[in-house]
Each structure stands twice: as C-alpha cells, then as structure tokens.
Amino acid sequence: MQVPFVPKIPHKKRVILVKKAIFLRTLSLAVSFFIGVSACFGAETLMDQARQAVTDYRVRTTELADWCEKNGLLREAKLTRDQLLPSAEDRIYVPTFPKEIVSESVPEDSPELVQKWNADRWKIKKEYAAELQRLLNRAVRQKQSVLAMQMAIAALHADPNHERLRNILGLKNYKNQWRTNWEIRMLKQGNLEHERFGWLPAKYVKRYENGERFYRGKWMPEEEEAKIRSGLQTGWKIESEHYTIATNHSLEEGVRLSRELEDFYRAWLQVFILFHASDDEFSAMFQGRPSVREANLRVVYYKNQEDYIKANVNAHPHIGITGGYFDLEKECCFFFHTDDPEVHKTVFHEATHQLFTCSGKFPKNARSSCNFWITEAVAVYMESFHKENGYCVLGGYNQERLQMARYRYFETKFYVPFALLVRFDIARFQSFPHVGLPLPKDWTLAMLYSQMGGMGHFFMHAEGGKYRELFVEYLLQVYSGRDTVLTLFELSRTVPERLDE
C-alpha cells in the first residue's frame, strides 16, 4: 500500500535543485532507448554494435530530412524526422504500433522528388530494421532477452510491417490488421472494439450509440441502467486482454481505465520482459510462439473515494490516507475515480506490485527476508508512466518523487545508504525509522519513499542506463526468493559505498 504523496517543493528550491541535477548528471542522449549493460553481463560488444546501428540510422534519416528541406519538401522533411524514436537520457519511450498495415507507397502521380524521397526513406528504415534483427538474433542466442526486446521494439518502430517482429509481440495479420490471439477470438465471436464502450457485440453498437443499454436480458435507457448498476455488486464488468475491471462508476470510465492499464502493461512487459518469459520462452516468442502465460489481472474501481473507504475501512482502518492498494491475498487492486493526477499515480504504483507478483513466473508466496526496498523503488519509478505524443513514457527528471529526493538529500541531508537498505524486510521498511538503529527521530517513511524515487530512477537511467539490466536481474532474484543481503553488490561487482556515490 502506497504512502500518501508528499507536498510539493517551493518553486525557488525546485529551480536550484534542477540546476544541481543538471550539473551532476552525465549526458548520454544519442542512443538512450537501448539499455546499458554492465560488464558483468558480458554484452558490451553487442551493445556497441546496437548503438552504432542507431547512430547510423539517425544520421541517414537526418540527412534525408535535410535533403527534403533543400528541395522544398517540407511535409516530407517533417515526416522523416518524426520517424525517429524520441531520445532522452531520463526517459524510456515505448512506441504504440499501428493496428493497420502501413502503406509503403505514395500515389503514382506524386512528383518525382516525392517518389525518390519515399523510396530512400523506406530503404533506410528497412536496412536499419534488418541490422537490428541481425543483432537481435545474436542477443537471443546469448540469452540477452532484455536487450533483444529493446532491439525488437526499435526495429519494429522503423519497419511496422515486419511480420516476424510483430510475431515476437504476439501479433498476427488478421484481415489486414495486426491483432493478438485474444483480439482475433473476440472479432471471430462477432465483437468489435468501440472507442467509448470497449468490446461489444457488433449488433449492439448502434443502439448503444443511441443511448440504450442491454442488461439482464433486456434493453433499457442508459439512465435506468446507471441507477441499477450504482452498487459494485451490480456494477459493470469490463474485460480486456489482461485485465478484468469491476466498477460502479460507468462503462465508459471502466473502458478508459482498462485501456490505460493495457498501455501500462505493454510498457511494463517491454522493459521487464524476463518477468513474463524466461530466456528460453523469449527465444520461442522470437520464433513466433507466444508465451503460454496469459495474465488475468483483477481490479476493483469505485466511483468515488467515499465508496472506496466505506468498502475497505473495516479491513484497513487507515484506508482514508491511501489512493489505492494491492491486496496480495486476493491478488486484486482497489482504486477509486479521482481528478487529482497525483493521486491517480497510485494506480501505476499498485499495478506495478500486482504485475511483479502475479506475473505467473514465480511462486506468489515467495518472501524475502531482505531487499524489500527494491519492490517499492520500482513501483515509485513506474508512477512516472504517462502518454506523450503517442508514446508510452517512463521516467523524467521532473517527476515529483525525484524532485523531493533531491530536495531532501541536498537540503536536509536525508539519505539511507545501500548497506542499510538491503537489510530491511517488509516489516522493518514499513516501521522506518524505528528499526532498532540510532536514526534521527524526525525521519519518516514518506522521506524514505522519496528516496526510493531517486534510487529507482538511478538504476533505470544513470550513465546511459548502465545499471538497468542489473536492476531487472536484482528484481528477479528478490521476487523469486533467491536473494541475500549481498545480491545487489554481487551483481554490480562493487561495494555499497561506490553505489552510494
């Protein structure tokens, strides 16, 4: 259960801290989509080749855009530049791939220069995708699944019609659209995906658009249905590929949350692929055989905070200070509708706990006697999830938790070192600072959570993502119950003081 969000930093302090952060961080913008792999994972040569492929692709694409501008093809120049994945040292951009088959041609009567531009553009894109696929083959053989997934996403972004790459993501060409097996089953059953109402029988669509609703075997006005479904027991049930959402808010709001969580799932899957599939299973995915694991994640979504508190206060007396929670025993998340974006971040925090716990790969009763902090650090990091210009985005130096981590470190000298953190189990973490150690009395758990925001960002982005695969491996060992107080330092091949630095 997440600690309530902390107050915002005063504006003047914020400016100072951002300047300090800019001064301290190492810039590595050019190819930040790819993770950095530390020497202990033995893939530096493969990483160097992947980075070189990205650099060459960006150079060739930029040169083509410059050529377009010189020849007055301003629209084509913009399209060319837009084909590049955004690159930033503090963010991960996960592209959304079009469902439709992308046309690779221009009208036959297009000017000769436009024809040449289009031919050159697709030549560059396909050659880049082919080079990444060559490296991807090696990454799969070397069981570098995290790196391989990043390559697959980058290659597919360049060449969205690449069938083999689509198959890795479980997508097949069905009636000129890229669809998952689940979506194909829904379509074959006579359903379609409506923008407002989600998956509906195709024969219901017009009546739903006209304000009618089908419930308990009969049609009725939507106002009548809303009254009947005002309680959670009679509320709506929205089923998507990976989530089942029970809500008493509305069908439309349930569908909106469902799509948001599906986007979140996709971003999580592409960064933490090893929690969904082992190296051998990923190799099978690469051969076009999707993982046999299918998530069935349950969410209860109340129409307001009042209903949320009323339904949960007996089991959780302090429920009123939370923005939502994940129930480990029920394997279910509980949220409520809110217009406060900071409170809404709790959805991503608790959904992260659910994903790592219910991924299906590890026994759910695995409990570690240490290293609990990392489960919160990754959840705080995942609070940064948002949509930006068509991309799912993780990270960002402007995230509130990260700002607060800077503030407390620089201004109040709050910092709990790694050597101490790794010894905390869930009980000691949640009773912080009363852990049997002489810690300052004015330290609080909220302060520790802000530090988790800083540490999560460090492992995902520091030094061009150098520690990201280490971070994933560390999480794997913690969630499988194979970790010790030395695991982090063994994986990083360094001492705690060096990581603190």
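User: How far is the sulfur of cysteine 333 from the closest cysteine sulfur?
Analyst: The distance is 6.7 Å, to cysteine 332, which is too far for a bond. A disulfide here needs two cysteine sulfur atoms within 2.5 Å. This is a predicted model: local features need pLDDT of at least 70, side-chain atom pairs count only at pLDDT 80 or more, and totals for chains, interfaces and linings use all residues. Residues are numbered from 1 along each chain as its sequence is written, and side-chain values use heavy atoms, with hydrogens and water left out.

User: Is cysteine 333 buried or exposed?
Analyst: Buried, at 0% relative accessible area. Cysteine 332 is buried too, at 2%. Buried means under 20% relative accessible area, exposed over 50%, and partly exposed in between (1.4 Å probe, protein chains only).

User: Now the largest nonpolar core. Which residues have the most contacts inside it?
Analyst: Phe272, Trp373 and Leu488, in a core of 128 residues. Helix H5 (residues 145-158) gives the most to this core, with eleven residues. A nonpolar core is a set of buried Ala, Val, Leu, Ile, Met, Phe, Trp, Tyr and Cys residues joined through side-chain atoms within 4.5 Å. Helices (H or I, at least four residues) and strands (E, at least two) are DSSP runs, numbered from the N terminus.

User: What does leucine 488 contact?
Analyst: Leaving aside neighbours within four places in sequence, leucine 488 contacts Trp373, Phe418, Val422, Phe459, Leu470, Tyr474 and Leu499. Contact means heavy atoms within 4.5 Å.

User: What about a second core?
Analyst: It is separate and has eight residues, including Tyr302, Ile319, Tyr325 and Cys332.

User: Switching to rings. How many aromatic pairs are there?
Analyst: A search of the whole structure finds 38. Rings of Phe, Tyr and Trp (its six-membered ring) pair if their centres lie within 6.5 Å; planes under 30 degrees apart count as stacked, over 60 as edge-to-face and the rest as tilted.

User: Which residues share an aromatic cluster with Trp373?
Analyst: Phe418, Phe458, Phe459, Tyr467, Phe471 and Tyr474.
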